[in-house]
Structures are given as structure tokens and as C-alpha cells.
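This report describes one protein chain for a reader new to it. The sequence and structure are shown first.

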Amino acid sequence: MTARSLLALTVAIALSGAAAATFAMEGTQDFPNADQLSSRSRAEVIAELEAARRDGTLEALRWGEASPAPQPVSMLSRAQVVAEAREALRLGLIGADEEGLRVPTPAQAELIRAAGLRALERQMAQAAN
């Protein structure tokens, strides 16, 4: 091995050791003091568990979720959303620029809503055929 490759190998080993030391962590964790007793009685804990079973909280936690599944907010069909977006684009309320928020007038809002309703009517007529 030449001196140059030996030097390169030594530097590489030194750097890899420094990188490994960067990720080292302390092996202890901060757990609550085991000598302290709970402030709740066994009956209170069991009652809370039963309440969680009844309201569905326990089932949600069983799957690792912190809360129940979110419910959809919109009841519009995809066709309605597309039609309303196209109407807002036609009215100049939606643009490709970041000029600012354009709030529709009541008349424009009604035109947008009507476009969505027309799309819903077309969708219902197609489903009936």
C-alpha cells in the first residue's frame, strides 16, 4: 500500500468513526418515578375504560389513531366541484397568479352554485339512462 492510499484509508476510518459518534444516544430514559402511586382508584380507571369502549375512543386507539377517522366535509360530487371550479375560473376568480384572494360577489357566488347544480342534474340524467 502506498503512503497516499494509507493516508486516505486512515482519514476515511476517522471520519466514519466521527459520524457514528454523532448518532450515539444516551441509553437511559426518563420514566416516571415508580414509587409514586396513582391518584385514581382502580374503579375510576375501569369506569373510564368502559366509557372509552362505549364512545368508540378505545377502538380508534387500538389502531394507533389519536382520533376517530375524519368525516368528509363536502357533500358535493366530483362533477359539481369541477363545474364550480370552471365557473369560478370563467368569472376570473381563480387565476394562475398569486395576486391575492378574489372574493366572489353574491351574484358570482350564485352563478358558481348554479353551475354546480347543472352538473348535478346532468349527472342524475346520465345515471337514469
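Of the chain's 129 residues, 10% count as buried, meaning under 20% relative accessible area, with exposed over 50% and partly exposed in between (1.4 Å probe, protein chains only). The model is predicted: local features need pLDDT of at least 70 and side-chain atom pairs pLDDT 80 or more, while totals for chains, interfaces and linings use all residues. Residues are numbered from 1 along each chain as its sequence is written, and side-chain values use heavy atoms, with hydrogens and water left out.

The chain has five helices and zero strands, where helices (H or I, at least four residues) and strands (E, at least two) are DSSP runs numbered from the N terminus.

Helix 4 (residues 78-90) packs with helix 5 (residues 106-128) at an angle of about 145°, their axes lying 8 Å apart. Axes are lines fitted to C-alpha atoms, for helices over the stretch in contact, and angles run from 0 to 180 degrees between N-to-C directions. Contact means heavy atoms within 4.5 Å. Among the residues making this contact are Glu87 and Arg90 of helix 4 and Leu111 and Gly116 of helix 5.

Four salt bridges are found in the whole structure, each a side-chain nitrogen of Lys or Arg within 4 Å of a carboxyl oxygen of Asp or Glu.

| Pair | Closest N to O distance |
|---|---|
| Arg40 and Glu48 | 2.5 Å |
| Arg90 and Glu87 | 2.6 Å |

Arg90 and Glu87 are three residues apart in helix 4, about one turn. Arg90 is exposed at 57% relative accessibility, whereas Glu87 is buried at 10%.
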